[in-house]
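Biologist: Hi! Could you walk me through this one? I'd like to start with a helix and then look at a couple of residues.

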Amino acid sequence: MSVDGPNPVVLDGAEWKAYFRNFKRSAFRLEVHQVYTMPAEDETFRSFLAGDSKPDHFNATWHQTIRGNASSGRTMTRAKLVRRPLTDYSRYLFRWAIPGNVEAGEDYRIVDVTEREVDLPIQDFWMFDESTVVHLNYRPDGTQVNRELIESPDISQYLAWRDLALESSVPFNGYRT
């Protein structure tokens, strides 16, 4: 987990959601963990594991955000690192979450690191407009601790990680498990 100085700026609630409304050009996410334990997903994740059908309007609010940004010419891109065999959580994302994100307009890419090393950080982050970086900090079990605004990021490093992730990836629809 990152700590940016003695008093990190932790983002939550409306303040955090505003980043997805207020960016001007681009939002990029590096997603490195194989498991995320998100309380808001508990019920749907259990349903997925039980073999239930995906609920109607699954993830509709997020898809509306993606569509709104895409319709105004702003891009949302994500690079997810995966290892085979896929975890149950990754299988949930691949079947229930990612297809809807792609359909809504997110450029969702997969970096398979099963049989190769890619020099990317072990830190999840969002980068907005190639200038603002927010770390997403997690416990080892995938539970999110917080979202931390990095006040003086080395933008050249984050841009290099973004570029490497994109160069090492394939579009979600082109990835075969």
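Modeller: Happy to! Keep in mind that this is a predicted model. In helix H4, the buried residues are Tyr89, Ser90, Tyr92, Leu93, Phe94, Trp96, Ala97, Ile98, Gly100, Asn101 and Ala104.

Biologist: And what covers the buried residues of H4?

Modeller: The cover includes strands S2 (26-31), S3 (75-82) and S4 (107-112), along with helices H2 (42-49) and H3 (60-71).

Biologist: Where in H4 does the kink lie?

Modeller: At Ala97, shortly before the proline Pro99, and the kink is about 45 degrees. The end C-alpha atoms of H4 (residues 88-104) are 24 Å apart, which agrees with the 24 Å that 17 residues should span at 1.5 Å a residue. Just after H4, Gly105 has a positive phi of about 125 degrees.

Biologist: Switching topic: where does Phe172 lie, and why does it count as buried?

Modeller: Phe172 is in the segment after strand S8 (170-171). Phe172 counts as buried because its relative accessibility is 10%, and the cut-off for buried is under 20%.

Biologist: Last one: is Glu31 buried or exposed?

Modeller: Buried, with a relative accessible area of 3%. Glu31 sits in strand S2, and among the residues Glu31 touches are Tyr36, Arg78, Lys80, Leu93 and Asp124.

Methods. Residues are numbered from 1 along each chain as its sequence is written. This is a predicted model: local features need pLDDT of at least 70, side-chain atom pairs count only at pLDDT 80 or more; totals for chains, interfaces and linings use all residues. Side-chain values use heavy atoms; hydrogens and water are left out. Helices (H or I, at least four residues) and strands (E, at least two) are DSSP runs, numbered from the N terminus. The expected span of a helix is 1.5 Å times one less than its number of residues. The bend at a residue is the angle between axes fitted to the seven residues ending there and the seven starting there. Buried means under 20% relative accessible area, exposed over 50%, partly exposed in between (1.4 Å probe, protein chains only). Contact means heavy atoms within 4.5 Å. Lists of a residue's contacts leave out its neighbours within four places in sequence.
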